[in-house]
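I set down what I looked up, entry by entry.

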Amino acid sequence: ATEALGLGFRVGVLAFGALIAVIAIALTFLGVFVVLPLLLVFAEACSKGIGAYFAALSDPEALSAIWLTLVVAAVSVSINLVFGLMAAWAIAKFEFRGKTFLTTLIDLPFSVSPVISGLLFVLLFGAQGYWGAWLRDHDIQVLFAVPGIALATTFVTFPFVARALIPLMQEQGTQEEEAAISLGASGLQTFFRVTLPNIKWGVLYGVLLCNARAMGEFGAVSVVSGHI
């Protein structure tokens, strides 16, 4: 019994040591690749003093850029919220032809470089693009304007809400919705009174991710805005 107790103690010590080592490695990795770059960004921003930092924020061009970022984020997040809810509901709750294809399309922006995404919109809406001549004839400007920036941002942030909700809805199953329909609820009533309350935190998580990605996007926006 004494030997078994001693062996168990040694195993516990080794396991605790391994746990401490794993935690230390994770914290070191986090510090080097996440915390340190952020600290350097803030240090550079405040290198000329806090006063110069706030003076730069009050510059008209800076205020215009901030306002543009907020507007584009609001537009793209709203579009992706509506689409993400509908797509997740359809994929998680129903069986239909093309379901796998739809899921693949939702994941597509994850595998495409943001710069290439912006280039796709240039090929579609540019002066020499597919719809370029028609847009020019009707005096409609998409590229180098807010519509192009909003389109590129919406494409890049396309999967976030749907991908946050699909696993959650699939895990919850369809029993509650089926019970509501059997009691006489319509499709919309079932969605707003049964489905939506059960996924509200997933919706919030998806919206936060989508908004963060929209406000931080640079590659696609840089292409369609012409670096303006």
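Entry on valine 115. I began with valine 115, which, when its neighbours within four places in sequence are left aside, is in contact with Gly219, Ala220 and Val223, contact meaning heavy atoms within 4.5 Å. I note that this is a predicted model, in which local features need pLDDT of at least 70 and side-chain atom pairs count only at pLDDT 80 or more, while totals for chains, interfaces and linings use all residues. Residues are numbered from 1 along each chain as its sequence is written, and side-chain values use heavy atoms, with hydrogens and water left out.

I then looked up where valine 115 sits, and found it in helix H5, where helices (H or I, at least four residues) are DSSP runs numbered from the N terminus. The C-alpha atoms of valine 115 and alanine 220 are separated by 4.8 Å, although the two residues are 105 residues apart along the chain.

Entry on leucine 151. I went on to leucine 151, which lies in helix H7 and is partly exposed, with a relative accessible area of 35%. Leaving aside its neighbours within four places in sequence, I find leucine 151 in contact with Phe121, Phe125 and Val142. Its C-alpha atom and that of alanine 220, 69 residues away along the chain, are separated by 9.6 Å.

Entry on salt bridges. How many salt bridges does the structure hold? I find four, a salt bridge being a side-chain nitrogen of Lys or Arg within 4 Å of a carboxyl oxygen of Asp or Glu. One of them joins glutamate 177 to lysine 93, with the closest N and O atoms 3.3 Å apart. Glutamate 177 lies in helix H9 (residues 175-182) and lysine 93 in helix H3 (residues 60-93), so this pair ties together parts that are 84 residues apart in sequence. Both glutamate 177 and lysine 93 are buried.

I looked next at aspartate 107 and arginine 163, whose side chains meet in a salt bridge of 2.8 Å, N to O. This pair links distant parts of the chain, with aspartate 107 in helix H4 (residues 99-111) and arginine 163 in helix H8 (residues 160-172), 56 residues apart. Aspartate 107 is partly exposed at a relative accessible area of 25%, and arginine 163 is partly exposed at 27%.

A further salt bridge runs between arginine 213 and glutamate 217, with the closest N and O atoms 2.5 Å apart. Here arginine 213 counts as partly exposed at 25% relative accessibility, whereas glutamate 217 counts as buried at 9%.

Entry on aromatic rings. My search of the whole structure finds 10 aromatic pairs, where rings of Phe, Tyr and Trp (its six-membered ring) pair if their centres lie within 6.5 Å, and planes under 30 degrees apart count as stacked, over 60 as edge-to-face and the rest as tilted. Among them, phenylalanine 121 and phenylalanine 155 have ring centres 6.1 Å apart and planes at 80°, so the pair is edge-to-face. Phenylalanine 121 lies in helix H5 (residues 114-125) and phenylalanine 155 in helix H7 (residues 146-156), so the pair ties together parts that are 34 residues apart in sequence. Phenylalanine 121 is buried, with a relative accessible area of 12%, while phenylalanine 155 is partly exposed, with 21%. I also noted that Phe121, Phe125, Tyr130, Trp131 and Phe155 form one aromatic cluster.

Entry on the nonpolar core. Which residues of the largest nonpolar core touch the most other members? Of its 17 residues, they are Leu85, Ile106, Leu165, Ile166 and Ile199, a nonpolar core being a set of buried Ala, Val, Leu, Ile, Met, Phe, Trp, Tyr and Cys residues joined through side-chain atoms within 4.5 Å. The elements that give two or more residues to this core are H3, H8 and helix H11 (200-216). A second, separate core of 12 residues includes Val142, Leu143, Ala152 and Val224.

Notes. Buried < 20%, exposed > 50% of the residue type's maximum accessible area, 1.4 Å probe, protein only.
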